[in-house]
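Have the sequence and the coordinates open as you read.

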Amino acid sequence: MRDATAAQAAPAADLYHVPKDDKCITRGWTFYDWANSVYPLVITSSIFPIYWGAMVKEVTKTDSGKSPVDFLGFQVPGSSLLTYAISAAFLFIALISPFLTSLADFSGRKKLFMQIFCYLGSLSCAALFFFTPDTLTLSTFVFVLATIGFSGSIVFYNSYLPLISSEEKYDSLSARGFSMGYIGSVLLLLICLGLIMGHDKIGLEEGFATRLAFLLTGIWWAGFAQVSFFSLPADPGRPAGAGDESGWLLNGFRELGKVWDQLKQLPNLKRFLLAYFTYNMGVQTVMYVATIFGDEELKLESSALILTILLLQIVGILGAYLFSKLSERIGNTRALSWAVFIWMLICIGGYFVQAGWSFYALAAVIGLTMGAVQSLSRSTYSKIIPENTPNTAAFFSFFDVTEKLSIVIGTAVFGVIAQVTGSMRNSILSLIVFFVLGLIFLLRLRGKKLRDEAHGADPKLAEGLSGN
């Protein structure tokens, strides 16, 4: 009979026997990008912010989406309330995801946790169908839940990358996933636009047609996610209490503690997380507030704003692949450094941009670097974490926490500066600080053999990873 202690110490990776680069698995994995990317495009980037502004104007009986609204007894500018809601959602998921992901690693139930957050997000997204001026406060909380579901499922999704792919294909597979997301989200956005713009021809009110787009987004997300759930390897599971009376619930904390101890001995991993934390504050904030900026500062028509978002997605596909090829020639950190430098120029351009050709030119550059930064950041991190580590979800939880906290700080800073100064242009310009710091930290990594140096930090690292 196998020793109980040995059973408890067996690494979570032993539970998964996944063939590398299996076409069925990798194709199914990329389909989750196709499924969930409709949320950040339709909800957080295009239709929802415009609808939010319209609801704020209707509630306040004014012509400005910046007008204060009553939220739980506090008077908060409508546009700032949306950024604060985003900050709250990402702060919550940043606090709970490290425990959940370490628990998923130890219990062997990675897919289960991914499904839970997927369904939480998609159902909450669909529930935004009931968003009216009378339900502004309640709908704000529903939006927070949808964002929690989206961001929570992503960390488990990302953690599959080193399990299903060989290292030399990290960049291309990550880029393929983002490209699938861009294509799928653009397709649904076009469907939603047709529904909204042609609402009178099918006998619907514009507000009802817009809310119907939220319902379709939730259905699309949950529906196409089934392709991924069918293709990804089944959860092998670890019996609760196997070799330990406390069961895998408390072992989730223990696994998280192991990864935290290992991070202390992985200097390049810490440097990359610091760089990612700083430049991602700027990238994600711009992505979340671009539509609000165009609506409130530039006074662009809704149709122009949504066409701009479509431009971002289409150019984003090209950018993800171009920078993937660039990384093959000059390395990941050098390619990321160039992308971050371009984002610095974007902040300067955003301060001076006006409605017209300059806005569309700036949007094209944002799209080119938007997908590149996200795709390369994910694949670079996969290359830096210890090879064949059993704690993929736990390691990616630190990546996810870094991302979420950067969004919390970035969007909060943006909202506060806009509220204090009365102009979102000042907020856009202030983001350049994050990119400058991110570039400095990235330059400290250039020319290094990232994983080799990390392994050299402690010869007992692999033993620690296996739980011995």
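**Inside the model: cysteines, core and cavities**

Let's begin with a cysteine: Cys 192 is buried, at a relative accessible area of 0% (buried is under 20% relative accessible area, exposed over 50%, and partly exposed in between, with a 1.4 Å probe and protein chains only). Keep in mind that this is a predicted model, where local features need pLDDT of at least 70, side-chain atom pairs count only at pLDDT 80 or more, and totals for chains, interfaces and linings use all residues. Residues are numbered from 1 along each chain as its sequence is written, and side-chain values use heavy atoms, with hydrogens and water left out.

Staying with the cysteines, Cys 347 is buried too, with a relative accessible area of 1%. How many disulfides does a search of the whole structure find? The search comes back with 0, a disulfide being a pair of cysteine sulfur atoms within 2.5 Å. For Cys 192, the nearest cysteine sulfur belongs to Cys 125 and is 9.4 Å away.

Now for the packing. The largest nonpolar core has 136 residues; such a core is a set of buried Ala, Val, Leu, Ile, Met, Phe, Trp, Tyr and Cys residues joined through side-chain atoms within 4.5 Å. Tyr 32, Tyr 279 and Tyr 381 have the most contacts inside this core. Its biggest contributor is α12, which gives 14 residues (helices are DSSP runs of H or I, at least four residues, and strands are runs of E, at least two, numbered from the N terminus).

Helix α12 covers residues 267-296, and Gln 284 is found in it. Is Gln 284 buried or exposed? At 4% relative accessibility, Gln 284 counts as buried. Beyond its sequence neighbours within four places, Gln 284 touches Gln 374, Glu 403 and Ile 407.

On to the holes. The structure holds 5 cavities of 30 Å³ or more. On a 1 Å grid over the protein atoms alone, a cavity is a set of points where a 1.4 Å probe fits but cannot get out, and lining residues have an atom within 4 Å of a point. Grid points are joined across faces, edges and corners, and a volume is the space filled by probe spheres set on the points.

The largest cavity has about 580 Å³ of space. Its lining counts 35 residues, with Pro 40, Phe 150, Phe 178, Met 287 and Gln 374 closest to the centre. Here α12 again turns up, giving the largest share of the lining with 6 residues. By class, the lining has 19 nonpolar, 12 polar and 4 charged residues (Ala, Val, Leu, Ile, Met, Phe, Trp, Tyr, Cys and Pro count as nonpolar, Asp, Glu, Lys and Arg as charged, and the others, Gly among them, as polar).

The second largest cavity has about 230 Å³ of space. Of its 18 lining residues, Val 286, Ala 290, Phe 293, Phe 359 and Ile 366 lie nearest the centre. The lining has 15 nonpolar, 3 polar and no charged residues, and α12 gives the largest share, 5 residues.

One last stop is Ser 45 in helix α3, buried at 12% relative accessible area. Leaving out neighbours within four places in sequence, Ser 45 is in contact with Pro 40, Met 287, Thr 291 and Ile 309.

Technical notes:
Contact means heavy atoms within 4.5 Å. On a 1 Å grid over the protein atoms alone, a cavity is a set of points where a 1.4 Å probe fits but cannot get out, and a pocket is an open set with protein on both sides within 12 Å along at least five of seven lines; lining residues have an atom within 4 Å of a point.
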